[in-house]
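The following paragraphs lead the reader through one protein structure, from single residues to the whole chain. Please keep the sequence and the three-dimensional view at hand while reading.

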Amino acid sequence: MKALYKATIIIWATYDPTALDFKLTELASQAENADADCSSMKGALIADPEKDPDWDATDFFDSWDDDEDDDQSGVLDNAGQEIESTDPQA
């Protein structure tokens, strides 16, 4: 499997979003519409996502051809370096 970017986003809400039956995209939409607040976002390139404790064993990314040349040469040099932003639009 090729390297993937992992995003961690902190969203503050006045309710417990895990107690409700809605999609994650709805919570993100509420943060964009000021019904919740996105206070920070972190991103990291994970060289081997299957070894990451947050990996959910999805087969979505397995459909990509690992041998495909997708112009990611050089990106792996920064594998594991965390990029932090306090601006959710960054």
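Is Tyr 5 buried or exposed? Tyr 5 is exposed, with a relative accessible area of 56%; here buried means under 20% relative accessible area, exposed means over 50%, and partly exposed lies in between, with a 1.4 Å probe and protein chains only. This is a predicted model, in which local features need pLDDT of at least 70 and side-chain atom pairs count only at pLDDT 80 or more, while totals for chains, interfaces and linings use all residues. Residues are numbered from 1 along each chain as its sequence is written, and side-chain values use heavy atoms, with hydrogens and water left out.

The confidence of the prediction deserves attention at the outset. The average pLDDT of the protein, the predictor's confidence in each residue on a scale from 0 to 100, is 75, and 67% of the residues score at least 70. Over residues 71–90 the pLDDT is below 50, although in the model this stretch has 28 contacts beyond near neighbours in sequence. A contact here means heavy atoms within 4.5 Å.

The protein contains 1 helix and 3 strands, and from the N terminus on its elements follow the order β-α-β-β. Of the 90 residues in the protein, 17% are buried. The protein exposes about 7000 Å², of which carbon and sulfur atoms supply 49%; such areas come from the Shrake-Rupley method with a 1.4 Å probe, and for residues only the protein chains shown count as cover. Among contacts between residues at least 6 apart in sequence, 85% join residues at least 24 apart.

Tyr 5 itself belongs to strand E1. The C-alpha atoms of Tyr 5 and Pro 49 are 8.6 Å apart in space, whereas the two residues are 44 residues apart in sequence.

The next topic is charge. Side chains of opposite charge can pair when their charged atoms come close. A salt bridge is defined as a side-chain nitrogen of Lys or Arg within 4 Å of a carboxyl oxygen of Asp or Glu, and a search of the whole structure finds 3 of them. One joins Asp 52 to Lys 6, with the closest N and O atoms 3.1 Å apart. Because Asp 52 lies in the loop between strand E2 (37–46) and strand E3 (82–85) and Lys 6 in strand E1 (residues 4–12), this pair ties together parts that are 46 residues apart in sequence.

Asp 54 is exposed, with a relative accessible area of 57%. Leaving aside neighbours within four places in sequence, Asp 52 is in contact with Lys 6 and Ile 46.

Another salt bridge joins Lys 51 and Asp 48, with the closest N and O atoms 3.7 Å apart. Lys 51 is exposed at 69% relative accessibility, and Asp 48 is partly exposed, with a relative accessible area of 29%.

Two residues in other loops complete the picture. Thr 18 is found in the loop between E1 and H1 and is exposed, with a relative accessible area of 71%. Its side chain is joined to that of Asp 16 by a polar contact of 2.5 Å. A polar contact is a pair of N or O atoms within 3.5 Å; within protein, one must be able to donate a hydrogen and the other to accept it, and residues adjacent in sequence count only if both atoms are side-chain atoms. Ala 34 lies in the loop between helix H1 (24–32) and E2. Ala 34 has a phi near 70°, a positive value in a residue other than glycine, and is exposed, with a relative accessible area of 65%.

Methods: Helix = DSSP H or I, 4+ residues; strand = E, 2+ residues; numbered from the N terminus.
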